[in-house]
Amino acid sequence: MKTTFLMRLGFDVVAACLLLVALAYYWLGNLSHEWIGTCFFLLIALHNMFNWHWYGVLPKKRRTASGKFDMVMTLALLMAMLVLMVTSVVVSLTVFSFLQIKDNYTVRQIHAFSAYWAMIFVAIHIGIRWTRVMNAIRSALHLSAESSTRKLVLRLIAGAFALSGLQSAVALDISSKLTLQVSIDWWDFEASTAGFFLGWVSIVGLFACVSHYGFTGIQQLNRYRKAALTSRVTNP
Ligand code: HEM
């Protein structure tokens with residue numbers, strides 16, 4: 001069971017890397033971009049097959065605030081992925097060109113727009129599941145259940161990611177990418193390729209941190225409310 005989860009986690013890490021690499025369209029060139037994107041969607045299909053049960057527990061999710069948060073963010077991710085997938089087929093110049101679908105500037109813009117949002121929703125998705133991921137890694141590495149030093153080190157790393165994510169969001173002009181504004185400020189891959197990838201990794205870190213702490217905060221609030229309600233019922 002644990003091994004299966006770790007194997008699935010491995011596929012998810014590869015998918016996240018492909019998504020990140022596909023964002024560097026002008027570094028890859030069209031052909032590699034299209035094949036990397038296509039492989040990414042195959043892994044996403046696999047991810048959905050493995051996690052199909054999640055859709056079955058959706059009605060239960062609506063009962064708590066944290067469940068609602070998870071549901072809204074995951075459905076937003078699904079929406080972004082579907083738009084990205086459909087527009088990929090439409091704008092394709094090689095892999096799906098045999099379909100001879102006519103594209104236009106707006107569809108190409110929507111393709112890039114959904115790609116950037118997909119990355120942000122992936123980060124939020126990771127943040128929501130971070131505790132589960134950490135528990136699986138910890139038990140695979142046979143580490144002790146609780147360690148305040150490890151907790152502190154991980155929190156410091158998370159803080160550093162969040163800070164550098166803020167800086168990178170400005171450097172990569174994320175606000176115009178997420179608001180469908182035309183930006184003439186292309187990333188100069190000749191000047192720094194690593195800067196692009198590190199920048200995006202830290203932006204993912206920033207959104208994952210915010211969603212992880214936001215999500216655990218909502219869960220804690222849920223627990224306090226439940227405990228307060230129970231004590232009111234038992235001690236009226
Ligand atoms: C992981 C999935 C994908 C991501 C994250 C992604 C992302 C992007 C981004 C960000 C751009 C715009 C680059 C820019 O102008 O700034 C782009 C352009 C493009 N993508 Fe994708 N893409 C993905 C999958 C695909 C697939 C599967 C295909 C086709 C099979 C495809 C075909 C294209 C084409 C043809 C363009 C150029 C559009 C133009 O002329 O402006 N993409 N993609």
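The following legends describe an overall view and several close-up views of a predicted protein model. Residues are numbered from 1 along each chain as its sequence is written, and side-chain values use heavy atoms, with hydrogens and water left out. In this predicted model, local features need pLDDT of at least 70 and side-chain atom pairs count only at pLDDT 80 or more, whereas totals for chains, interfaces and linings use all residues.

**Figure 1. The protein holds 11 helices and zero strands.** Helices (H or I, at least four residues) and strands (E, at least two) are DSSP runs, numbered from the N terminus. The C-alpha trace spans about 70 × 40 × 35 Å along its principal axes. Of the 236 residues, 35% count as buried; buried means under 20% relative accessible area, exposed over 50%, and partly exposed in between (1.4 Å probe, protein chains only). Among contacts with a separation of 6 or more, 74% come from residues 24 or more positions apart, where contact means heavy atoms within 4.5 Å.

**Figure 2. His33 and His111 are the protein donors of the iron atom of the ligand.** The NE2 atom of each histidine lies 2.0 Å from the iron atom. Donors are N, O and S atoms within 2.8 Å of the metal (3.2 Å for Na, K and Ca); water is not among the atoms, so sites may look incomplete. His33 counts as buried at 14% relative accessibility, and His111 counts as buried at 15%.

**Figure 3. Ser114 is a buried residue of helix H7.** Helix H7 covers residues 105-128. Ser114 counts as buried because its relative accessible area is 4%. Not counting residues up to four places away in sequence, Ser114 touches Ala80, Val83, Leu84 and Thr87.

**Figure 4. Asp70 forms salt bridges with Lys61 and Arg129.** A salt bridge is a side-chain nitrogen of Lys or Arg within 4 Å of a carboxyl oxygen of Asp or Glu. Side chains of opposite charge can pair when their charged atoms come close. The closest N and O atoms are 3.0 Å apart for Lys61 and Asp70, and the N to O distance for Asp70 and Arg129 is 2.9 Å. This second pair links distant parts of the chain: Asp70 lies in helix H6 (residues 65-91) and Arg129 in the loop between H7 and helix H8 (130-140), 59 residues apart. Lys61 and Asp70 are both buried, whereas Arg129 is partly exposed at 22% relative accessibility.

**Figure 5. Arg108 and Asp103 form a salt bridge.** Their closest N and O atoms are 3.1 Å apart. Arg108 counts as partly exposed at 42% relative accessibility, as does Asp103 at 27%.
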